[in-house]
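Look through the sequence and the structure before reading the points below.

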Amino acid sequence: MAKVLMKGNEAIGKAAIEAGCRFFFGYPITPQSELPEYLSEELPKVGGTFVQAESEVAAINMVYGAAAAGARALTSSSSPGVALKQEGIGYITNADLPAVIVNMMRGGPGLGTIQPGQADYRMCVKGGSNGDYHNIVLAPSSVQEAVDMVMEAFDLADCYRTPVIILSDGLIGQMMEPVDFHYAPKRELPPKDWALTGKGDGQKHMIVNLNMDAEDCENHNIQLQKKYVEIEQKEQQWEEYCMDDAEYAFVSYGTSARITKSAIDTLRKEGYKVGLIRPKTLYPFPKEAFKGKNIKKYMDIEMSMGQMVEDVQLACNDVNKVVFFGRCGGIILTPEEVVEFAKSVIGGDK
Amino acid sequence: MVQHDKRITIMTGHYGSGKTEFAVNYAIKLSQFSPKVTLGDLDIVNVYFRSRERKAQLMEMGIDVISSSIEGDSVDIPAVAAITSPVRDKSTRYIVDLGGNDTGTMVLGRIRPLLDLSETDFFMVVNTNRPSTSSPEGILKEMKSIEAASGLKVTGFVNNTNLIRETTVENIAMGDKILRQAEGLSKVPIKYISYVEEVLHEPLPKGLSGEPFPMRFYMRKDWM
């Protein structure tokens with residue numbers, strides 16, 4: 001299929017449909033509103049259901065219901081809207097149900113701005129709901145990657161019976177880029193023999209959230225942790241850019257990583273041996289990428305005040321090796337200021 | 001040639017057609033010929049990539065920019081400022097950059113009663129790589145909904161077929177083929193064929209419709 005030019009938000013909507021999603025529940029918020037707008041047009045054409053819910057809280061709980069019935073369901077929002085969804089995300093996680101949640105991040109905290117940001121790392125990667133849990137978190141750096149990751153997210157969600165978050169930002173959502181759509185599942189997906197589809201002559205299924213017994217609840221937590229061990233072993237994804245001979249490495253994801261790549265091109269021309277580790281999965285964080293690397297300093301670049309720093313410190317196992325530069329509140333980094341920061345770190349050590 | 005277009009040039013089109021990049025380039029080109037150029041950013045649809053983001057740069061080039069009277073990048077309310085004065089001021093060339101689709105044209109309701117149609121062009125910017133305008137039928141459907149919402153008739157097409165940095169001359173030629181069919185059906189002429197010079201590795205083929213209109217990226221940063 002020839003490439004088409006699509007806005008990130010629309011392309012994600014189309015990718016969801018291509019991946020078999022037939023249920024969307026959401027509520028408008030800038031800068032992701034084109035996603036529900038697109039799906040409100042396109043989902044009915046394929047027999048799907050679009051619901052503009054009365055609130056984000058309602059929307060995520062509708063996802064919970066659809067997921068319990070075995071459907072591929074999607075919701076999307078932007079930072080403060082995703083904050084509202086946290087309770088439902090925790091419930092879906094606890095119920096071992098698959099779902100995909102798109103967060104087109106904007107500047108925060110609170111209502112913040114409508115400009116792009118990356119300050120929801122902690123909320124989405126560390127978990128904004130209660131309890132011992134994780135969600136798989138994918139961080140696209142282009143519209144094409146957002147498409148591919150949305151398709152993979154539905155598979156990951158079904159494979160592990162867990163919510164998957166697409167943690168992107170307003171710029172990817174609003175940006176037009178050429179894309180194509182090839183849904184090719186890479187994983188063997190288990191049958192949804194747990195779904196609530198009406199008992200009929202079959203077995204009784206139950207999906208519960210409240211444990212009546214503390215021991216049962218602990219056992220369920222132990223099962224969840226086993227799931228996370230498997231996810232951490234199998235699902236780390238990252239990209240390396242100019243890392244072969246790098247002595248200093250940037251660590252950056254999403255839009256920041258694009259800007260950082262541009263900075264690397266400039267620094268390389270001036271003889272600086274710099275590279276980039278770009279996490280594509282934020283949970284599981286790609287710790288494997290840091291193994292065996294002989295890097296003098298890791299330069300974490302984000303559009304936040306440094307929410308990923310601790311993960312980089314853990315991954316390289318050296319608190320003192322990690323330095324940070326970022327902008328926030330909706331300010332987009334420039335390659336020039338990343339170059340300047342790198343030079344201040346590297347000094348004359350070319 | 002831009003200097004021979006009508007005094008008021010309104011840019012419309014499906015959202016994502018590249019209206020704003022074309023409008024900004026058009027204003028800059030026009031400023032080389034006209035002593036007074038005003039660009040009205042009447043985009044009440046988009047929240048990012050609005051021509052007002054380049055206001056300082058355009059003002060330095062001598063182009064007056066009108067946008068929301070409520071300053072701030074984070075304002076996404078449909079507020080626009082003194083958009084009527086350049087309609088009355090016959091000494092200025094006025095370029096109007098609308099938001100996308102029929103929704104984006106609604107803002108024209110404010111200036112529509114004041115417009116002298118004999119001095120107004122209503123150009124529809126088309127990128128045939130956008131799914132909804134990838135066929136002559138799609139283009140005409142979009143055109144009709146824009147005309148219905150605006151109360152204006154499209155007076156010219158701009159072939160802005162592109163895939164950003166992946167644009168090829170073959171791609172532009174394909175856009176030309178589709179848009180010519182739309183031209184045949186609608187009798188609306190193709191006025192310009194626009195392209196960003198830095199991304200094309202070959203010259204445009206001969207025989208394409210519309211006046212070649214080379215552009216630069218003003219709205220898209222190098223790393224995008």
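This is a predicted model: local features need pLDDT of at least 70, side-chain atom pairs count only at pLDDT 80 or more; totals for chains, interfaces and linings use all residues.

A salt bridge is a side-chain nitrogen of Lys or Arg within 4 Å of a carboxyl oxygen of Asp or Glu. Residues are numbered from 1 along each chain as its sequence is written, chains are lettered from A and ligands numbered from 1 in the order in which they are written, and side-chain values use heavy atoms, with hydrogens and water left out.

**Chain B against chain A**

- Contact (heavy atoms within 4.5 Å) joins 21 residues of chain B to 26 residues of chain A.
- About 2,100 Å² is buried between chain B and chain A, and carbon and sulfur atoms give 61% of that. Buried area is the accessible area (1.4 Å probe) that two parts lose on being put together, summed over both.
- One salt bridge pairs Arg130(B) with Glu10(A), at 2.8 Å from N to O.
- On the side of chain B that touches chain A, 10 residues are nonpolar, six polar and five charged. Here Ala, Val, Leu, Ile, Met, Phe, Trp, Tyr, Cys and Pro count as nonpolar, Asp, Glu, Lys and Arg as charged, and the others, Gly among them, as polar.

**The two domains of chain A**

- Chain A is divided into domain 1 (4–234) and domain 2 (239–346); the bounds come from an automatic or database domain assignment.
- The domain centres, taken over C-alpha atoms, are 27 Å apart. Domain 1 of chain A gives 34 residues to the contact and domain 2 of chain A gives 25.
- Between them, the two domains of chain A bury about 2,400 Å², 50% of it on carbon and sulfur atoms.
- Four salt bridges are counted between domain 1 and domain 2 of chain A. In one salt bridge, Lys280(A) meets Glu145(A) at 3.8 Å, N to O.

**Salt bridges in chain A**

- Glu145(A), Glu239(A), Lys261(A), Arg278(A) and Lys280(A) are linked in a network of salt bridges.
- Lys261(A) and Glu239(A) pair at 2.9 Å, N to O. Lys261(A) lies in helix α10 (residues 254–269) and Glu239(A) in strand β9 (residues 238–241), so the pair ties together parts 22 residues apart in sequence. Helices (H or I, at least four residues) and strands (E, at least two) are DSSP runs, numbered from the N terminus.
- Glu270(A) and Lys343(A) also form a salt bridge, with their closest N and O atoms 2.7 Å apart. Because Glu270(A) lies in the loop between α10 and β11 (274–279) and Lys343(A) in helix α12 (residues 335–346), this pair ties together parts 73 residues apart in sequence.
- Lys291(A) forms a salt bridge with Glu288(A), the closest N and O atoms being 2.9 Å apart.

**Burial and exposure**

- Lys291(A) is exposed at 55% relative accessible area, whereas Glu288(A) is partly exposed at 39%. Buried means under 20% relative accessible area, exposed over 50%, and partly exposed in between (1.4 Å probe, protein chains only).
- Asn160(B), in the loop between β6 (156–159) and α6 (169–186) of chain B, is buried at 3%.
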